Amino acid sequence: MLRLRLRFKVIGCPRRALALVDTADPDCPACQGAGGITHDYGHPDTGEYEGTHYELCPCSTTWALPLLPLPRWFRRTPLSGYSSEPPF
């Protein structure tokens, strides 16, 4: 049986928005509620670390339902650049 564990999350694609997402099962024996399992791998010749492969667990889903777009924040820096004048 599919149980939904919904929560709110801020997503950023293509514009920042508040979305409703499903989370991983906290009682999952495979991923312990993380939603996936990481596998580190190294270079076959040198054995040095090359990256991490992330495998999604079947208990988690990757869907997100955007609900509300968030407003764009105003720029804090002036468009003309910074002034070299002293503040006094």
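**Strand pairing**

I began with strand S1 and strand S2 (residues 17-22). Six bridges join S1 to S2, and the two run antiparallel. I took strands from DSSP: a strand is an E run of at least two residues, a helix is an H or I run of at least four, and numbering starts at the N terminus. Two strands count as paired if DSSP finds at least two bridges between them.

I noted the ground rules next. This is a predicted model, where local features need pLDDT of at least 70, side-chain atom pairs count only at pLDDT 80 or more, and totals for chains, interfaces and linings use all residues. Residues are numbered from 1 along each chain as its sequence is written, and side-chain values use heavy atoms, with hydrogens and water left out.

Then I looked up single bridge partners. Leu6 has Asp22 in S2 as its bridge partner. Phe8 stands opposite Leu20 in S2. S1 and S2 form a hairpin, with five residues between them.

On its other pairing, S2 is joined to S5 by five bridges, and these two strands run antiparallel. There, Val21 has Ala64 in S5 as its bridge partner.

**The sheet**

What is the order of the strands in the open sheet? I read S1-S2-S5, three strands with antiparallel pairing. The edge strands are S1 (6-11) and S5 (64-69), each of which pairs on one side only. On average, neighbouring strands of this sheet are turned by 30° against each other, direction ignored. Those angles are taken between N-to-C directions and run from 0 to 180 degrees, with axes as lines fitted to C-alpha atoms.

I also checked how S2 is covered. S2 is largely enclosed by the rest of the structure, because five of its six residues are buried. Buried means under 20% relative accessible area, exposed means over 50%, and partly exposed lies in between (1.4 Å probe, protein chains only).

**The whole chain**

I found zero helices and five strands. Along the sequence the pattern reads β-β-β-β-β. Of the 88 residues, 19% are buried. The accessible surface comes to about 7700 Å², and 59% of that belongs to carbon and sulfur atoms. Areas come from the Shrake-Rupley method with a 1.4 Å probe.

I then looked at contacts, meaning heavy atoms within 4.5 Å. Of those between residues at least 6 apart in sequence, 38% join residues at least 24 apart.

**Arg7**

Next I picked a residue in strand S1: Arg7. Arg7 touches Ala19, Leu20, Val21 and Thr23, leaving out residues up to four places away in sequence. Between Arg7 and Leu20 I read 5.8 Å, C-alpha to C-alpha, although they sit 13 residues apart in sequence.

**Core and cysteines**

Which residues make up the largest nonpolar core? I listed five: Ala24, Cys28, Cys31, Cys57 and Cys59. Such a core is a set of buried Ala, Val, Leu, Ile, Met, Phe, Trp, Tyr and Cys residues joined through side-chain atoms within 4.5 Å. Beyond four places in sequence, Ala24 is in contact with Arg5, Gly33, Ala34, Gly35, Cys59 and Ser60.

The whole structure has zero. Cys31 is in none, and its nearest cysteine sulfur, that of Cys59, is 3.6 Å away. Cys59 is in none either, with the sulfur of Cys57 nearest at 3.6 Å. Cys31 counts as buried at 5% relative accessibility. Cys59 is buried as well, with a relative accessible area of 18%.

**Two loop residues**

Asp25 lies in the loop between S2 and S3. Asp25 is buried, with a relative accessible area of 17%. Not counting residues up to four places away, Asp25 touches Arg3, Arg5, Gly33 and Cys59.

My last stop was Glu48, in the loop between strand S3 (36-42) and strand S4 (49-56). Glu48 is exposed, with a relative accessible area of 55%. Leaving aside neighbours within four places, Glu48 is in contact with Tyr41, Gly42 and His43.

Technical notes: A disulfide is a pair of cysteine sulfur atoms within 2.5 Å.
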